[in-house]
Amino acid sequence: MPNPSPQPAGENFARLLMKHQPRVYAYVRSMVFIATDADDILQDVAMTAWQKFETYDPDRPFDLWLFGIARNKLLHRLRHQRRHGARLDPLRTSVADFGHSSGFAARDQRSRCLLLALHRLPIDA
């Protein structure tokens, strides 16, 4: 009796993405404070994952591969913001910050530390 045909790539991808997308979204959202920006990044992650799905090694965890793509998208966003100026996040910026520069300085220091830590991570995807 022949083995049943393997699941089509599109169905397999959709199943894996739906399974891991909530954790990837939580990761992206923890790095990006504006929800619509996080949604855009997650859409980019899904699009890139689909475009590169044929390069995914099924012997390795899909979630780690997906997190690698998300990390690369976040790094790209941080680099873009550095080059073009970061947009103010209304949820993280208070009126007091405008009169006192230490609020911006503290966030800038955290951003530099985060960027440094992200640059130290190995690039898998």
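Start with V32, which sits in the loop between α1 and α2; helices here are DSSP runs of H or I with at least four residues, strands are runs of E with at least two, and both are numbered from the N terminus. Before going on: this is a predicted model, where local features need pLDDT of at least 70, side-chain atom pairs count only at pLDDT 80 or more, and totals for chains, interfaces and linings use all residues. Residues are numbered from 1 along each chain as its sequence is written, and side-chain values use heavy atoms, with hydrogens and water left out.

Is V32 buried or exposed? V32 is buried, at a relative accessible area of 2% (buried is under 20%, exposed over 50%, partly exposed in between, with a 1.4 Å probe and protein chains only). Show its surroundings: leaving aside residues up to four places away in sequence, V32 touches D37, A38, I41, L74 and R77, a contact being heavy atoms within 4.5 Å. Now pick the C-alpha atoms of V32 and L74: they are 8.4 Å apart in space, though 42 residues separate them in sequence.

Next, select helix α2 (residues 35–51) along with α3. Their axes come within 9 Å and cross at roughly 130 degrees; axes are lines fitted to C-alpha atoms, for helices over the stretch in contact, with angles from 0 to 180 degrees between N-to-C directions. That makes α2 oblique to α3 (under 35 degrees is roughly parallel, over 145 roughly antiparallel, 65 to 115 roughly perpendicular, the rest oblique). Show side chains for D37, I41, D44, V45, T48 and A49 in α2, which meet W65, L66, I69, A70, K73, L74 and R77 in α3. By class, this contact of α2 with α3 has eight nonpolar, one polar and four charged residues.

Keep α3 (residues 62–84) and bring in helix α1 (residues 9–31): these two pack at about 40 degrees, axes 9 Å apart. So α1 and α3 are oblique to each other as well. On the α1 side, color F13, L16, L17, H20, R23, V24, Y27, V28 and M31; on α3, take F62, D63, L66, F67, A70, R71 and L74.

Finally, zoom out. The chain has five helices and zero strands, running α-α-α-α-α from the N terminus. Buried residues make up 31% of its 125 residues. Among contacts with a separation of 6 or more, 67% join residues 24 or more positions apart.

Conventions. Nonpolar A, V, L, I, M, F, W, Y, C, P; charged D, E, K, R; others polar.
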